[in-house]
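Here is a short briefing to read beside the model.

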Amino acid sequence: DELNEEGIDEGIRMWARGVDTNQFNPDFRDMEWRRSIGYDDTDKVVTFVSRLVWEKNLQTFVDTVQKLKETHDNIRAMVVGDGPAKKELEHMLPDAHFTGFITGDALSRAYASSDVFLFPSETETFGNVTLEAMSSGLPCVVADATGSRSLVESGVNGFLAPPRDTNAFAECVSDITENEKLTKDMSKAARQKALAYSWENVNGKLLENYQEA
């Protein structure tokens, strides 16, 4: 957009980020693992994945989960990652499961074993974690901001909520968790959108752009 504003509007191609769609896959969903960390099969697990720093709008995540728990006794939080805010978060969300820093199959399992990805950060340039969640088949509720906005189609594979608007975030999560058909439809749409960002597709397109140039 900035290049276009400077009058450079021809010959521009986008080299996108990608995702390993085999590594981040709904097949990693593991109900036994969920039970082992204290979740019931009927629980709706709302997950946040990132470095745990306050500038990721962690307060909005905390407030949204707490608001949801006032009216939904089956909402459970999972926090994946580590960082300076972890101890405070553990105090604020005593019922949440904290995985700490994980990678590989453990990370894939955590994503796929969740039910909704809740990511209120408004400072992302792209949003790798959102794409990983989508590839894992999760409906995503994210801030309507740069990065997330380019991945989430509101009402199709998740919802966009105004940044820091706890009520809006809670309403979006409620809409998904209370409607089984919507959950399934959004899950399929999220996975489908992520497949377009497979590294094979992204780098294949890059090669085409180089050849064109």
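Is the crossing of helix 6 and helix 8 left-handed or right-handed? It is left-handed. This is a predicted model.

**Helix 6 and helix 8**
- Helix 6 covers residues 128-135 and helix 8 covers residues 180-195.
- Their axes come within 7 Å and cross at roughly 120°.
- Helix 6 contributes L131, M134 and S135 to the contact.
- Helix 8 meets them with A190, R191, K193 and A194.

**Helix 3 and helix 7**
- Helix 3 (residues 58-71) packs on helix 7 at an angle of about 55°, with the axes 9 Å apart.
- These two helices are therefore also oblique to each other.
- Helix 3 passes helix 7 in a right-handed crossing.
- On the helix 3 side, T60, D63, T64, K67 and L68 make the contact.
- On the helix 7 side, the contact residues are T166, N167, F169, A170, V173 and S174.

- In soluble globular proteins, nonpolar side chains tend to be buried together.
- Here the largest nonpolar core has 57 residues.
- F61, Y111, F117 and V141 have the most contacts inside this core.
- Helix 7 (residues 166-177) gives the most to the core, with six residues.
- Nine of the twelve residues of helix 7 are buried, so the helix is mostly covered.
- The buried set is T166, A168, F169, A170, C172, V173, S174, I176 and T177.
- At 1.5 Å a residue, helix 7 should span 16 Å, and its end C-alpha atoms are 16 Å apart, which agrees.
- Beyond four places in sequence, F117 touches T47, F48, V49 and Y111 among others.
- The contacts of F117 also include V129, T130, A133, L138, P139, C140 and V141.

**S148, a buried loop residue**
- S148 lies in the loop between strand 5 (140-143) and strand 6 (158-161).
- Its relative accessibility is 0%, so S148 counts as buried.
- Leaving aside neighbours within four places in sequence, S148 is in contact with F119, S121, F126, T130, V142, A143 and L160.

- Most residues other than glycine have a negative phi.
- N57 has a positive phi of about 60° although it is not a glycine.
- N57 sits in the loop between strand 1 (44-49) and helix 3.
- With 4% relative accessibility, N57 counts as buried.
- R164 also has a positive phi, near 70°, and is not a glycine.
- R164 is found in the loop between strand 6 and helix 7.
- R164 is exposed, with a relative accessible area of 55%.

- G100 belongs to strand 3 (residues 97-100).
- G100 counts as buried, at 8% relative accessibility.
- G100 and V79 are 21 residues apart along the chain, and their C-alpha atoms are separated by 7.8 Å.
- Not counting residues up to four places away, G100 touches V79, V80, G81 and K86.
- R51 is in the loop between strand 1 and helix 3, where N57 is also found.
- R51 counts as exposed, at 53% relative accessibility.
- R51 and V79 are 28 residues apart along the chain, with 9.9 Å between their C-alpha atoms.
- Not counting residues up to four places away, R51 touches K56, D82 and P84.

**D105 in helix 5**
- D105 lies in helix 5 (residues 104-112).
- D105 is partly exposed, with a relative accessible area of 48%.
- D105 and F24 are 81 residues apart in sequence and 8.6 Å apart in space, C-alpha to C-alpha.
- Beyond four places in sequence, D105 touches Q23 and F28.

Note on methods:
Residues are numbered from 1 along each chain as its sequence is written. This is a predicted model: local features need pLDDT of at least 70, side-chain atom pairs count only at pLDDT 80 or more; totals for chains, interfaces and linings use all residues. Side-chain values use heavy atoms; hydrogens and water are left out. Helices (H or I, at least four residues) and strands (E, at least two) are DSSP runs, numbered from the N terminus. Buried means under 20% relative accessible area, exposed over 50%, partly exposed in between (1.4 Å probe, protein chains only). Contact means heavy atoms within 4.5 Å. A nonpolar core is a set of buried Ala, Val, Leu, Ile, Met, Phe, Trp, Tyr and Cys residues joined through side-chain atoms within 4.5 Å. The expected span of a helix is 1.5 Å times one less than its number of residues. Axes are lines fitted to C-alpha atoms, for helices over the stretch in contact, and angles run from 0 to 180 degrees between N-to-C directions. Angles under 35 degrees count as roughly parallel, over 145 as roughly antiparallel, 65 to 115 as roughly perpendicular and the rest as oblique. A crossing is left-handed if the near helix is turned anticlockwise from the far one by less than a right angle, and right-handed if clockwise.
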